[in-house]
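Hi,

Here is the structure I promised to pass on. Have a look at it first, and then read on for what turned up.

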Amino acid sequence: MTFNTLELEITNFELGERGEVTHKPSITLLNALGEDGMRKMVSDFYDLLIKSEIADLFPQDEKIFAMAKKHSADFFIQLCGGPEYFNKERGAPRLAARHMAFKITPNGRIVWLECFREVILKLDISDDLKINFWKYLDVFSNWMTNSPEDG
Ligand code: HEM
């Protein structure tokens, strides 16, 4: 494996700030990873989340946790222009609304992004694809922040 020195930075947004999503991932990412690679990426990411500071937000039951991985991978595959698995099973994404059920703080977002970054840096794809995907996650993750740190 090559040593990866890519710097994927986390932007410091205001709580709930909805920056323009300018780097939506495309079919190039899906083609580079394949559907199986995309599912492995999401699975590895969730395995980090469930050991992280924000583990409590995620399903603790093994079967429900596996479904959460599936739904999330379905979303990312669809986002890249793949089959509409998510829409078929879960309906329109409306992700900010779906995330309202959870207390997502600015620090929670940082932990979430740090877990994703760890997985992205190990992917066997070009730096350009990693940077592009990261920019999407960096901006769009802040759309999900809905709660101040204490409260
Ligand atoms: C780019 C940003 C994000 C995307 C694309 C995304 C995507 C998703 C998707 C597709 C689901 C499944 C929804 C369903 O099946 O109904 C989900 C669920 C969830 N997300 Fe996110 N999310 C993002 C950011 C975040 C952040 C920042 C947090 C917390 C810090 C978070 C926490 C959760 C939790 C707790 C769930 C419910 C459990 C689960 O199904 O995984 N998400 N997210």
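How are helix 1 and helix 5 oriented relative to each other: parallel, antiparallel, perpendicular or oblique? Before I get to that, please keep in mind that this is a predicted model.

The axes of helix 1 (residues 27-49) and helix 5 (residues 106-121) approach to within 9 Å, with a crossing angle of roughly 135°. An angle over 145 degrees would count as roughly antiparallel and 65 to 115 as roughly perpendicular, so helix 1 and helix 5 are oblique to each other. Their crossing is right-handed. On the helix 1 side, the residues involved are Met41, Asp44, Phe45, Leu48 and Leu49, and they meet Trp112, Cys115, Phe116, Glu118 and Val119 of helix 5. Sorted by class, that contact has eight nonpolar and two charged residues, with no polar ones.

Helix 1 also packs against helix 2. Here too the axes come within 9 Å, and they cross at roughly 145°, again with a right-handed crossing. Helix 1 brings Leu30, Glu35, Met38, Arg39, Val42, Ser43 and Tyr46 to this contact, while helix 2 brings Ala68, Lys69, Ser72, Ala73, Phe76 and Ile77. The class count for helix 1 with helix 2 is eight nonpolar, two polar and three charged residues.

Two other residues in helix 1 are worth a click. Asp36 sits in helix 1 and counts as exposed, because it has 9 C-beta neighbours inside 10 Å, and 12 or fewer is the cut-off for that.

Now the ligand. Which residues come nearest to it? There are 21 residues around the ligand, and the nearest are Ala68, His71, Phe75, Gly108 and Trp112. Helix 2 (62-79), helix 4 (95-99), helix 5 and helix 6 (127-140) are the elements that each give two or more residues to this shell. Helix 2 gives the most, with four residues. By class, the shell divides into 13 nonpolar, five polar and three charged residues. Two names come back here: Ala68 is part of the helix 1 contact with helix 2, and Trp112 is part of the helix 5 contact with helix 1.

Arg94 lies in the loop between helix 3 (85-90) and helix 4. Most residues other than glycine have a negative phi, yet Arg94 has a positive one of about 35°. Is Arg94 buried or exposed? With 10 C-beta neighbours inside 10 Å, Arg94 counts as exposed.

Lys135 is in helix 6, and its 18 C-beta neighbours inside 10 Å make it partly exposed. Lys135 and Glu9 are 126 residues apart in sequence, but their C-alpha atoms are 8.8 Å apart in space.

That's everything from my side for now.

Cheers

How values were computed
Residues are numbered from 1 along each chain as its sequence is written. This is a predicted model: local features need pLDDT of at least 70, side-chain atom pairs count only at pLDDT 80 or more; totals for chains, interfaces and linings use all residues. Axes are lines fitted to C-alpha atoms, for helices over the stretch in contact, and angles run from 0 to 180 degrees between N-to-C directions. Angles under 35 degrees count as roughly parallel, over 145 as roughly antiparallel, 65 to 115 as roughly perpendicular and the rest as oblique. A crossing is left-handed if the near helix is turned anticlockwise from the far one by less than a right angle, and right-handed if clockwise. Two residues are in contact if their C-beta atoms, placed from the backbone, lie within 7 Å. Ala, Val, Leu, Ile, Met, Phe, Trp, Tyr, Cys and Pro count as nonpolar, Asp, Glu, Lys and Arg as charged, and the others, Gly among them, as polar. A residue is near a molecule or strand if its C-beta atom, placed from the backbone, lies within 6 Å of it. A residue is buried if 20 or more other C-beta atoms lie within 10 Å of its own, exposed if 12 or fewer, and partly exposed in between; C-beta atoms are placed from the backbone.
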